[in-house]
Each structure stands twice: as C-alpha cells, then as structure tokens.
Amino acid sequence: MRGCSDVRVEYRVGAELSPAAQSVWGKSRGLEDSWLPLWRHLADSWAVAGRLWDEWLPAPVKRAISAGLPGGDSDGRLLLSWLAGVHDIGKATPAFAFQVQPLADRMRLCGLSFDSRVEADRRLAPHATAGQAILGEWLVRDFGWSWADSLPFTVVVGGHHGIPPRDRDLVAVRERRFLTGDEEWRNVQEELLAWMTDVAGVGDRLRDWGNVALGQQAQVLLTGAVVVSDWIASNEEFFPVDCSTDPNRLDWAWGELDLPSPWRAVPEAVHDEDLVAKRFGLPSGTVAYPVQRAAMETARQLPEGGIMIVEAPMGDGKTEAALAAVEILAARFGAGGCFMALPTRATSDAMLVRGLDWLDRLPDADEEPGARDVVLAHGKATFNPDYESLLYRGRTSAIGMDEGPGVELAVHRWLASRKKVLLSSFVIGTIDQLLFLTLKSRCVVLRHLGLAGKVVVIDEAHAYDVHMSQYLDRALEWLGAYGVPVVVLSATLPARRRKEMLAAHDTGRLGRARRTPVDPYVGLDGDIGYPVIISSGIDRVPTVRTSATSGRDVTASVTTMPDGVEELANLLRAELVDGGCVLVVRNTVARVQETATELRRLLGPEVPVTVAHSRFMALDRAAKDRWLRDTFGPKGERPSCHVVVASQVAEQSLDVDFDLLVTDLAPVDLVLQRMGRLHRHQRVRPARLTRPRCVITGADWSTTPPAPVPGSTAVYGQWALLRSAAVLWPHVEEGKPVRLPADIPRLVQAAYGDGIVGPPAWNAAIERAREVADDKHDRQRQAADVFRIGQVAPAGEPLLNWLHGSIGDADKGSDDAKGRGHVRADSTESLEVILLIRRDGQLYTPDWLQRDAGREVPTHCEPDWRLAKAVARCTLPLPQTMTHGGSIDRVITELEHRNNLVAWRPSSWLGGELVLDMDDDLSAHIAGFDLRYHPQDGLTVAKRV
C-alpha cells in the first residue's frame with residue numbers, strides 16, 4: 001500500500017499529466033501569475049488525508065469509517081485518502097474555470113472550450129455538486145458500479161463544502177452538460193481521476209467497494225475528514241500557492257500545522273479506592289465515595305459504545321465519578337479525547353478549572369508526551385481568565401515533573417475556531433455544542449467527526465426541557481451509531497427520561513428495533529433505588545446498579561410563605577439575628593432584581609444583599625460567578641451575614657453552601673437541586689440556622705390549588721409547578737422533613753408520573769394543566785423536527801438531502817446565536833448587544849473595566865485588536881420582553897440607526913455586532929423600553945406605558 005510518506009511519487013506524477021490537465025487551476029488569487037494547479041491541490045489533499053489517518057484520527061473514528069469495507073482499516077485509509085484526492089474534480093469544469101478569465105484563457109489554449117451559456121447558468125453547477133456527478137458517472141462507466149451504489153461514496157465529494165447536494169441538484173447538473181464540459185473536458189476529468197486513483201493505489205479496490213453498502217456514519221465521518229484535509233491543503237500558510245516539486249512539501253506543512261496526537265489513555269494500575277484521590281489531588285488515604293466506585297465498576301463492564309446514567313445526590317462526587325469513568329472507557333475503547341457538556345456558560349467556566357486539574361494528573365501512553373489540546377466551547381470563552389491564560393501561555397501538567405517536563409496543556413490555534421472547536425481532544429462547553437450535532441447546519445459533519453472519537457459526558461441532564469430533549473435524544477442516537485461511550489449525570493431523572501435517553505442511544509448502537517411485546521426498559525419505571533447507575537446491556541435490557549450514599553445526608557424542613565418581599569424581610573430579620581448566609585432563588589430575573597431592591601430598603605446596610613443572574617455584561621457575569629464560588633464554595637471565607645438573591649444560575653453545578661434557602665415554587669427536581677445548596681459543607685452555623693430549612697414562596701398558598709406567580713408559570717408551566725406542590729404538600733402539612741438524598745427518587749417519580757397526587761380538591765386543576773402541558777410539548781416536538789437531522793438511516797442510504805432546509809451556519813455570530821435560537825427555543829435571552837457609554841457624541845468603554853476602562857472607541861474605523869477585544873467583552877443579553885414577537889426587529893433597527901458601525905465589519909471581534917449606547921447614568925431608551933444598568937445588579941428593563 002502506498003503511504004503518505006511517498007510524497008515524491010505524488011509530485012513527480014503531476015508533471016506526467018497532459019498539458020490540458022496541467023492547465024486546470026484549483027486555487028487562485030484572481031491573477032494570471034498567482035494560481036495553483038488543480039492536480040497539485042488534489043495531491044496535497046490526498047497526502048494530508050493519509051497523514052490525518054496515520055497520526056490524528058482516533059481509533060473509534062477509523063473503526064466507524066472502515067466498518068463494512070472488505071479490507072477493514074487498510075481500506076478505510078485508502079478510501080479516505082482517495083476521496084480527498086478527488087474531492088475537487090468538479091473544478092475541472094467550464095462552470096468553475098470560467099470565474100478567472102486569464103486562467104480560463106490559458107485553458108482555452110490547451111483545447112478546453114467554454115459554451116456561451118456557461119456565464120449565465122454556472123451557479124447551477126457548484127463545483128462540489130458537479131464533482132459528485134462527474135465521479136459517479138466515471139465509476140459507472142469505468143468500474144461497472146450502479147449509479148445508486150455510487151451515491152454513498154460520491155456524496156462525500158458533493159458535501160465537502162458542508163452541505164450534501166439534493167437529488168434535484170444532481171439532476172440539474174447532469175441535464176446541463178455544457179456546465180461540466182464537452183468531450184475534451186471529459187477526457188481531462190477522466191485523466192485526473194485515473195491519475196489520482198493510481199497515485200492513491202485504489203484501482204484494484206474500486207471494483208470491490210462497488211458492492212459495499214456504506215453506512216451513513218461512515219459517509220458523515222469521511223465527509224468531515226475530507227473537509228479538514230481540504231482546509232489544511234488550502235491554507236497558504238502551510239501549502240503555498242506555487243508549483244514547487246519539493247519532496248518535503250508535506251512534511252514541512254505538517255510540521256508547521258503541528259496537530260496534536262489523539263489522547264491515548266492507559267489502564268491505571270491503581271485500585272479504585274486510590275484512583276479518585278490520585279486524580280483529583282485529595283489527601284492520601286481519601287476513600288472514594290460509593291457512587292464513584294460503582295461508576296468505575298460500571299465503566300469496566302459497559303458494552304462497547306454503551307451509555308451509563310449516573311443518578312446521585314448533590315455533593316456525592318458525580319463529576320469525579322464521570323472523569324474516572326472517562327479514563328477507563330477511553331483506555332478500553334481507544335477514545336482520543338473527552339467532551340463535557342454543561343447547561344450554561346457559568347457551569348462550563350467552573351468545570352474548566354476542575355477539568356484542567358484532572359488533566360494535570362492524567363498519565364499518558366506516550367513515552368514522550370506532547371501537547372494536549374484543551375478548548376472551552378461557548379461564545380464567551382475568551383472572557384474566561386483561565387482559558388485566556390491557556391490560549392496565550394499554555395500550561396504544563398504535573399505528570400512526570402520529577403523526571404522532567406510534563407504534558408503541555410494548550411489551545412491549538414488552528415483548531416480553536418468555532419467550526420473546528422469539537423475537533424480538539426479535550427472540550428468543555430455548553431450543551432448547545434452537543435445539540436448542534438443534530439441541527440441542520442453547514443459543516444455539521446465536523447461536529448460529528450469531533451465527537452465520534454471521544455467519550456461524552458452530559459452533566460445536569462435534568463436541566464433540559466422538552467424541546468432541547470428532542471435534539472439531545474437525536475444526538476444520543478448518532479453517538480450510539482458511532483460507538484461513542486456516553487456518561488450522563490443527574491441528581492435524578494424522571495423514569496420517562498431515563499427510558500427515552502437509553503432507547504435513543506440503543507437505537508443508534510444496535511439499530512432500529514422491531515416491535516416486541518415486552519418493553520425492554522420497563523424495569524426503569526418508578527423508584528429503582530438511589531443512588532443508581534443505569535447502563536446499556538448487551539442487548540436492549542439495561543443493567544441497574546445501586547450504591548450507598550456518601551453519608552452526607554441532609555434532613556431539611558419544608559415550609560411555605562406568602563409571596564411578598566415584606567414577608568421575606570420579616571423572615572430574614574428573625575433568622576439572621578445571629579448572622580448567617582441565605583440563598584433566595586427567584587424564577588425570573590425581574591423578580592431577582594425587584595426582591596433585592598426591596599430587601600436592601602427594608603433590611604438596611606446591616607444585611608448585605610447581592611444578586612446573581614444571567615442579565616449581566618459578560619465581564620461582570622464572569623466576575624459574579626467567580627465571587628459566588630470563591631465566597632460560598634468549600635474553601636470560601638463566608639461573610640458573617642449575607643443574602644444572595646439569585647435566578648436559576650445558583651442551582652446548577654455550583655459547589656456553594658448556605659444556611660437557609662428561600663425559593664420560588666419550581667418543578668420538584670429543581671427545588672431539590674436548590675435544596676442541595678443547604679448545609680453542603682461542614683461549617684459552624686448560627687444558632688437559629690443549625691438545622692437545614694427550605695421555605696417555598698412564589699405562590700398564593702391560600703387558594704385551592706395554590707396559584708404560582710405568573711412569571712414562574714411562564715417559565716415552567718402550571719402542570720410541573722402544581723405537581724411539585726402536590727408531592728411536597730405532605731411535608732409542609734405534616735411537618736415531615738425531606739431527607740436528602742433518600743426522598744429524591746420518590747418525590748421526582750411521583751411528580752412526573754401518571755398517578756394522582758395532592759389533595760383531591762387539586763385534581764381537576766392539575767388535570768387541566770396537564771392537557772395544556774401535553775399540547776405545548778407536542779408543539780415543541782414538532783418545532784424541533786423542522787431543523788433536526790433525521791435518524792441514522794440503514795446502510796447504503798446516501799446523505800443526499802440530509803441537510804435540506806439547513807439554517808446555514810449555526811455557529812455564525814458572536815455567541816452561536818443562530819444555532820442557540822433553534823436548540824433552545826424557550827431561552828429567555830435571545831439577543832446580545834455591546835454596552836458602551838456615549839459622551840459628547842463619542843463612544844467609550846465602561847469606566848469600571850479592569851483593563852481598557854474609559855477608552856474612546858472609534859466608529860469611523862476598525863478599532864485596534866486590543867481595544868476590539870475589550871469592547872467585545874462588554875456583551876450584554878437583552879431579555880425576551882424586548883425581543884419576542886415583532887419587537888426584535890424594532891430593537892435591531894433602532895440600534896443600527898443609533899450607531900452606524902460599517903467600519904467594524906472586518907473585525908473578527910466586532911463585525912456584525914450591535915451597540916447599546918448608554919449615558920453616564922447608565923440608562924437608555926430603546927424601542928419603547930427604559931433600560932438601566934448597574935455593574936452589581938445587572939440590566940433592568942421596563943416597558944413604557
């Protein structure tokens with residue numbers, strides 16, 4: 001087999017092509033003397049693809065590509081390299097070559113003609129689609145393939161610009177032969193195809209491959225790998241536009257690119273009891289929690305490409321359990337990295353620190369370990385100081401420090417762009433990055449390529465609503481089809497969601513099941529024990545393993561309180577006489593701000609009140625999140641008396657601790673999650689707060705049934721709120737405390753089950769609310785189907801039409817806003833702006849920034865890179881009240897009219913951004929709304945009457 005090291009053959013053969021074939025151009029700067037021959041670009045792409053296979057693609061990706069090919073891995077390498085080598089054959093057409101007239105004239109001198117109709121119709125034959133048609137017809141004509149059998153292979157060529165063609169696109173090309181050329185053109189196309197087939201050494205394989213039903217998994221991954229090969233070979237930094245025959249061309253380019261090798265995990269010869277302490281920097285002799293040991297045991301027995309769902313209480317070390325499982329699974333199945341998906345930017349930022357600490361202590365299979373590439377994947381990642389440090393300076397791990405330098409942790413510059421972010425080995429990011437896997441969008445194949453070789457961890461799985469769950473389940477199906485091990489973490493899941501997630505992953509892993517008289521997941525209904533790990537079985541019958549808790553039990557009393565800030569202030573006066581730290585959780589940002597304002601007035605300066613929510617400028621939000629962790633975390637020095645009024649940001653993946661909890665009525669799993677912030681750490685508590693207590697407000701408890709406040713109903717729906725109140729009601733009425741974690745599964749399964757709960761007088765209202773919820777959920781499912789890719793089709797089904805109805809670039813914009821708008825349809829924040837201060841007709845950065853404060857920002861030209869970066873850190877989300885319905889168009893129009901920023905368009909930091917200019921009082925009036933901003937309290941919005 002010819003290898004990528006044989007680059008001398010590749011460059012010598014190019015000179016043996018006919019003058020007509022050598023005249024076809026592949027890359028051009030639009031100048032007659034600055035162009036790259038097509039044959040050279042094809043040869044570069046072929047060589048890069050082989051090197052990608054040998055040194056960069058993880059073993060699971062190679063297995064998925066090679067599955068079904070008669071020669072296994074050897075065939076997989078040959079097929080990928082050959083497809084990369086012919087991917088641009090559609091450029092050898094009049095429709096493409098016509099674009100640069102001096103180069104087209106050169107081709108005319110070599111006997112290649114251009115029909116007069118080409119100029120008007122050439123857009124009907126984009127070179128990727130034309131290339132698929134040309135390649136398919138050549139396989140039919142010269143190798144005896146059927147047209148249908150060729151499609152799963154040729155669609156890789158047709159889709160190498162990110163979207164596979166539709167059937168009708170191919171028909172349009174084949175019906176207009178003048179766009180792909182006459183006999184002279186066809187001779188050149190066949191010459192180039194035959195030449196590359198010889199260079200790649202696949203001539204004898206093509207006849208065998210014609211009988212292969214190539215799976216859609218392989219088609220997607222091949223397309224993604226060809227896209228990467230093409231992008232590398234097209235980068236002039238690595239492959240200059242010249243006709244050099246330097247035999248070291250590939251080696252030099254590969255060295256400059258310096259792609260990191262995939263992670264090669266090694267089985268650790270350490271007992272499970274010691275592994276957790278060793279990996280997470282715990283004192284020697286620290287014993288792993290039972291759920292952590294159970295997770296490691298499950299990981300060692302999990303079938304290849306299986307899924308495990310870890311349900312355990314807050315504070316029982318689920319994150320450490322997941323990372324320990326990742327290490328075991330990667331060593332067993334050859335995964336080349338890990339992706340950790342979290343619900344929010346804040347939780348992703350917090351996980352980055354923990355993830356880096358884990359990587360610092362991770363051994364490597366290589367005797368001379370190189371760099372491990374790490375990426376924080378969300379739209380505001382560069383605002384994270386830990387990640388920024390990694391971007392510019394890198395970081396060396398602790399492994400091997402006694403013997404010499406350790407593994408370098410760094411961000412690879414070429415992989416760090418939005419479309420390529422999941423190609424890095426270790427990725428920590430928001431759940432959106434995983435959900436984008438199933439969104440019909442350009443270059444989604446790169447997300448598939450990036451995830452197919454990893455172990456995937458999904459944290460806080462209970463935090464995703466019905467709409468997001470549709471995308472998540474489809475993602476699980478595709479991950480199962482690729483053989484990706486998945487670890488799902490949750491405090492607890494309703495039985496229905498357990499079954500849906502397992503069924504989705506099994507559908508991909510095992511194929512679509514025939515109907516059977518017995519539900520293989522029936523054993524997951526109801527209370528199956530807790531903590532519990534549910535994992536894939538050899539067939540569709542899952543395995544259930546329970547474990548003991550960590551022993552960090554909390555028994556909290558539950559009471560209710562009328563909704564009203566005065567009542568809340570009276571409660572706090574009474575409870576904080578000896579000091580203490582209280583968490584007040586509101587279900588909307590507006591309620592957070594209103595509550596904090598009134599509490600400050602009523603309690604006075606003796607009781608400090610701080611807010612935490614999502615409607616802050618990016619830098620202020622990051623500082624707020626760090627303050628929460630540093631102050632109320634396990635190592636924090638808490639103030640003697642403090643009240644934090646927070647939105648849902650306080651309930652997810654934050655290791656913080658409070659003496660008293662006051663929470664709006666919310667779905668029961670979220671109430672329990674919030675209760676997990678009570679007495680979480682070992683501390684000396686004030687005398688009145690020595691016992692954990694949860695006070696539930698945000699509803700009128702005097703009605704039958706209770707009436708949640710309108711804001712909560714808008715966020716969660718009445719059914720989930722009433723069911724939550726119903727299962728908690730006995731604890732309120734009878735004074736029976738909630739035991740965490742013992743009562744978690746009982747309460748959650750009762751609230752989300754079909755049984756009757758609550759006092760009989762509530763039943764009719766709960767049933768009406770259920771009908772409304774079912775209707776809404778049906779609409780959410782239908783909405784998700786519009787832009788969600790299909791299920792994994794049977795082998796041999798081509799990817800034609802796969803992304804029909806694509807939204808375009810899901811990751812276009814400053815924060816992947818277009819894609820987020822589809823996968824988070826119920827998001828309360830839907831438009832971001834940049835907050836700047838206007839003085840005397842000029843724009844300035846806010847005065848409270850730590851760096852570049854109060855700097856004038858030019859609007860007549862592009863700001864310098866440092867200032868542009870500082871300005872980009874001032875992004876601020878606007879609430880849904882300003883963007884729902886037709887309001888968003890008015891808001892955008894007014895902001896564009898106020899600030900003409902055409903000069904910013906070339907800026908990678910600021911191009912296309914909207915600016916919200918405020919006066920020195922930090923107020924503005926936009927589209928009928930009054931806006932005010934405060935660095936400590938965030939953005940407040942009031943609609944003018």
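**Entry 1: ground rules**

I am looking at a predicted model, where local features need pLDDT of at least 70, side-chain atom pairs count only at pLDDT 80 or more, and totals for chains, interfaces and linings use all residues. Residues are numbered from 1 along each chain as its sequence is written, and side-chain values use heavy atoms, with hydrogens and water left out.

**Entry 2: Leu-323**

I found Leu-323 in helix α19. Helices here are DSSP runs of H or I with at least four residues, strands are runs of E with at least two, and both are numbered from the N terminus. Contact means heavy atoms within 4.5 Å. Leu-323 is buried, with a relative accessible area of 1%. I noted the cut-offs: buried is under 20% relative accessible area, exposed is over 50%, and partly exposed is in between, using a 1.4 Å probe and protein chains only. I also looked up Cys-443, which is 120 residues from Leu-323 in sequence and 29 Å from it in space, C-alpha to C-alpha.

**Entry 3: the whole chain**

I stepped back and counted 36 helices and 29 strands in the chain. The radius of gyration is 30 Å, close to the 30 Å that the globule rule gives for 945 residues, so the chain is as compact as a globular protein of that length. That radius is taken over C-alpha atoms, and the rule is 2.2 Å times the number of residues to the power 0.38. The C-alpha trace spans about 95 × 70 × 65 Å along its principal axes.

How many of the 945 residues count as buried? I read 61%. Among contacts between residues at least 6 apart in sequence, 77% join residues at least 24 apart.

**Entry 4: helix α4**

I went to helix α4 (residues 59-66) and found it mostly covered, with 6 of its 8 residues buried. These are Pro-60, Val-61, Lys-62, Ala-64, Ile-65 and Ser-66. The buried residues of α4 pack against α3 (38-55), α5 (73-86), α15 (216-234), α19 (318-333) and α23 (444-452). Just after α4, Gly-68 has a positive phi of about 95°.

**Entry 5: helix α7**

In helix α7 (residues 101-109), I listed Leu-103, Ala-104 and Met-107 as the buried residues. Seen down the axis of α7, they fall within an arc of 105°, so they line one face of the helix. The arc is that of the directions from the helix axis to the C-beta atoms.

Thr-129 sits in helix α9 (residues 127-143) and is buried at 7% relative accessible area. Not counting residues up to four places away in sequence, Thr-129 touches Gly-158, Pro-165, Asp-169, Leu-170 and Val-173.

Gln-749 is in helix α32 (residues 744-752). Is Gln-749 buried or exposed? I found Gln-749 buried, with a relative accessible area of 12%. Its contacts beyond four places in sequence include Thr-492, Leu-493 and Arg-498. Gln-749 and Thr-492 are 257 residues apart along the chain, yet their C-alpha atoms are separated by 9.1 Å.

Most residues other than glycine have a negative phi, and most peptide bonds are trans.

- A cis peptide bond joins Tyr-530 and Pro-531, with omega about -10°; Pro-531 is in the loop between α25 (495-510) and β11 (532-535).
- Leu-740 to Pro-741 is also a cis peptide bond, with omega near 15°; Pro-741 lies in the loop between β21 (738-740) and α32.
- Asn-801 is not a glycine, but its phi is positive at about 70°. Asn-801 is in the loop between α33 (763-787) and α34 (817-823) and is partly exposed at 31% relative accessibility.
- Leu-922 has a positive phi near 60° and is a residue other than glycine. I found Leu-922 in the loop between β26 (915-918) and β27 (923-926), where Leu-922 counts as buried at 13% relative accessibility.
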